[in-house]
Amino acid sequence: MATCENSCSTEDENDHQILSSKRIITILSDDEDLEINKNNKRQRSPSLPKPKPLQLMNKQTIKSNTRQTSLSIIRTNSDSNGNEERKWNLQTISSSSNENSSKQKKKKITQTKSVTVAQSRTSSTLIRTVSSPSIIKNDISNDPSRTLSFDGAVINEEDVFSQWNEKASISSSTSTNTTQSSSITVNSKSIWKEIFSKSTKSKPVDDELKQEWSALDKDQPSNNYRSNAAPVGVKRACPFYKKISGTAFCIDAFNFGNIDGIQAYFLSHFHSDHYGGLNKKFSNMLYSNQITCNLCKSELGIRSETMTILPMNEFINVHGIDVALLDANHCPGSNMFLFRFANGRLILHTGDFRAAPTLFKHPLIQPKQIDTVYLDTTYCDTRYRFPSQDEVIESAVGLVSDSLKENARTLIAIGTYLIGKERIFHAIAKALDCKIFVETRKFRILNQLENDDLSKRLTKNPHETNVHVVGMGSITQPMLQAHVDKYALRYNKIIGIKPTGWTTPRSTGGSKHYSIESKSSNITVYGFPYSEHSSFDELKDFIQYIKPKRIIPTVNVGRADLRDKMNGYFQQWLST
DNA sequence: GCGATCAGCT
DNA sequence: CACAGCTGATCGC
């Protein structure tokens with residue numbers, strides 16, 4: 001826990017500056033209290049411990065002739081549960097010097113913006129960000145990225161948070177003889193340098209790529225094929241980011257007929273927005289792993305002659321280039337593709353994936369070895385932070401067992417995709433030691449996933465268990481009402497579990513990661529932040545580990561402004 | 001009558 | 001919003 005004992009910066013240029021900053025901060029504190037009283041709302045809760053006196057923990061100063069900008073942590077609050085809050089101030093002091101007024105009094109104008117970030121000890125994720133005072137709330141409402149622009153310095157609130165996190169983890173892992181003293185002292189100049197300066201050294205999106213993207217914008221204003229509006233009868237061209245440059249390969253590109261120059265059609269996993277367009281008439285050669293090929297055969301009727309099953313974790317030569325399939329930690333049968341050219345150059349296509357240390361520390365993946373990464377950028381935005389799958393699963397299991405303790409005649413309905421989200425209902429069934437009801441098609445699909453315990457628990461008889469797996473679209477009040485009505489003799493209550501990454505985690509302080517989406521007398525719908533795509537931080541960790549030369553995003557690429565934003569992140573990640 | 005594609009919805 | 005569908009309408013054979 002952060003105490004502030006040795007946290008006053010010792011790296012500052014001189015004592016005078018520290019003193020002056022301290023003085024200014026005290027003034028700011030008064031301002032803030034004024035504002036609090038003015039609003040008459042934000043009185044401190046009596047339950048919170050008395051806040052420590054303001055303390056200057058560190059600061060960074062940028063000076064010019066007329067201005068001085070500094071960023072400092074000015075206060076930390078913590079409670080006995082390990083929740084912690086820090087307030088940072090970004091301020092400029094500008095002197096309005098009237099002409100050549102060497103004699104005239106310089107008028108000092110102090111402006112401040114502040115950001116408060118908080119985290120709970122029990123969860124490593126960001127649970128809340130609050131900004132004050134009101135002047136920057138306006139900015140935030142128009143700017144979901146929570147960027148503060150101040151005196152030429154652009155600071156992202158989330159960056160402040162992540163700097164804190166990184167430093168926190170470093171200090172906890174390296175603290176040996178020091179007790180709690182290495183308490184998150186964020187006083188290294190390099191950290192502030194990172195925040196303030198944007199390195200342009202790294203170019204994960206180079207000029208050539210930029211040209212490709214703008215050509216695509218011209219060609220296909222809406223290049224997200226889900227919402228493409230190609231004229232009837234006109235086949236859309238396959239966008240460049242679905243092809244692997246320098247090869248005759250494409251990935252998840254079945255909506256474009258026979259693509260010029262393509263010899264091998266790879267499929268990363270069996271979700272409809274990736275296999276879309278694939279049908280019995282397919283007459284090229286599809287490459288994927290055992291599970292995905294099985295599903296293509298049983299669900300789509302793809303003929304075996306048009307499929308090549310590739311092993312996992314092993315390079316196989318396909319049309320002159322080595323290809324290895326690596327587990328993508330997305331849904332069962334999902335994989336990433338690692339391509340190795342004759343000259344040793346490596347290209348990684350992540351497919352859809354959830355980055356995790358076990359995944360990117362794969363022996364075939366080493367830092368700086370990979371030239372280009374085609375990246376699943378689904379949640380490549382700072383607003384997407386969610387807990388690990390294990391944390392969410394634990395929370396769901398807890399909720400279900402609590403609900404059953406309260407009322408044994410409760411039916412549990414869990415929403416899923418065609419494949420995906422298995423771990424969450426499997427864990428619930430294991431905890432209750434019961435069977436899992438699924439419908440016929442789902443029964444067939446789940447039995448192909450090569451998971452013995454899961455298969456053993458499946459049943460097509462709804463009366464055999466109170467754990468029912470349904471489609472995600474069925475987790476609504478009317479559908480759940482209809483569902484429980486079917487089994488009214490046995491159950492009088494139903495809870496719906498909706499596991500999706502779009503549900504922002506709402507921590508209630510403990511380890512409960514769910515939110516109540518709707519509730520009526522006998523029906524409750526819970527949202528769980530259970531994601532099968534990487535969170536923002538996981539993407540960042542992944543990229544910073546791999547350190548690729550270029551990055552080609554494959555999701556959210558339909559709008560140039562979103563691409564620019566992602567490119568900004570990539571540069572930031574790779575500039576350290 | 002069937003499969004495939006598409007708009008609309010969540 | 002985007003994900004990963006699902007439903008129902010329309011088109012082609």
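The model is predicted, so local features require pLDDT of at least 70 and side-chain atom pairs pLDDT 80 or more, while totals for chains, interfaces and linings use all residues. Residues are numbered from 1 along each chain as its sequence is written, chains are lettered from A and ligands numbered from 1 in the order in which they are written, and side-chain values use heavy atoms, with hydrogens and water left out.

Chain A contains 15 helices and 24 strands. Both are DSSP runs numbered from the N terminus: helices are H or I runs of at least four residues, and strands are E runs of at least two. Of the 576 residues in chain A, 52% are buried. Buried means under 20% relative accessible area, exposed means over 50%, and partly exposed lies in between (1.4 Å probe, protein chains only). The accessible surface of the chain is about 27600 Å². Carbon and sulfur atoms account for 49% of that surface. Accessible areas come from the Shrake-Rupley method with a 1.4 Å probe, and for residues only the protein chains shown count as cover. Contacts, defined as heavy atoms within 4.5 Å, were also sorted by sequence separation. Among contacts between residues at least 6 apart in sequence, 62% join residues at least 24 apart.

The pairing of α9 and α10 comes next. Helix α9 spans residues 389-406, and helix α10 spans residues 422-432. The two pack at an angle of about 45°, with their axes 9 Å apart. Axes are lines fitted to C-alpha atoms, for helices over the stretch in contact, and angles run from 0 to 180 degrees between N-to-C directions. α9 and α10 are therefore oblique to each other. On this scale, angles under 35 degrees are roughly parallel, over 145 roughly antiparallel, 65 to 115 roughly perpendicular, and the rest oblique. The crossing of α9 and α10 is right-handed. A crossing is right-handed if the near helix is turned clockwise from the far one by less than a right angle, and left-handed if anticlockwise. From α9, the contact draws on Q389, D390, I393, A396, V397, V400 and L404. From α10, R423, I424, A427, I428, A431 and L432 take part. By class, this contact has 10 nonpolar, 1 polar and 2 charged residues. Ala, Val, Leu, Ile, Met, Phe, Trp, Tyr, Cys and Pro count as nonpolar, Asp, Glu, Lys and Arg as charged, and the others, Gly among them, as polar.

Within α10, the buried residues are E422, I424, F425, H426, A427, I428 and A429. A427 has a relative accessible area of 17%. Leaving aside neighbours within four places in sequence, A427 is in contact with I393 and V397. A427 and D390 are 37 residues apart in sequence, and their C-alpha atoms are 9.8 Å apart. Just after α10, D433 takes a positive phi of about 45°.

A second pair is formed by α14 (residues 536-546) and α15 (residues 560-574). Their packing angle is about 50°, and their axes lie 9 Å apart. α14 and α15 are therefore oblique to each other. α14 passes α15 in a right-handed crossing. F536, L539, K540, I543 and Q544 in α14 meet Y569, W573 and L574 in α15. These contact residues divide into 6 nonpolar, 1 polar and 1 charged.

N313 lies in the loop between β11 (307-309) and β12 (316-318). Its phi is near 60°, a positive value in a residue other than glycine. N313 is partly exposed, at 44% relative accessible area. H319 sits in the loop between β12 and β13 (321-327). H319 is not a glycine, yet has a positive phi of about 50°. With 44% relative accessibility, H319 is partly exposed.

N329 belongs to the loop between β13 and β14 (335-340). Its relative accessible area is 28%, and N329 is partly exposed. Not counting residues up to four places away in sequence, N329 touches S334, R354, A356, L359 and E532. The C-alpha atoms of N329 and A356 are separated by 8.1 Å, with the two residues 27 apart along the chain.
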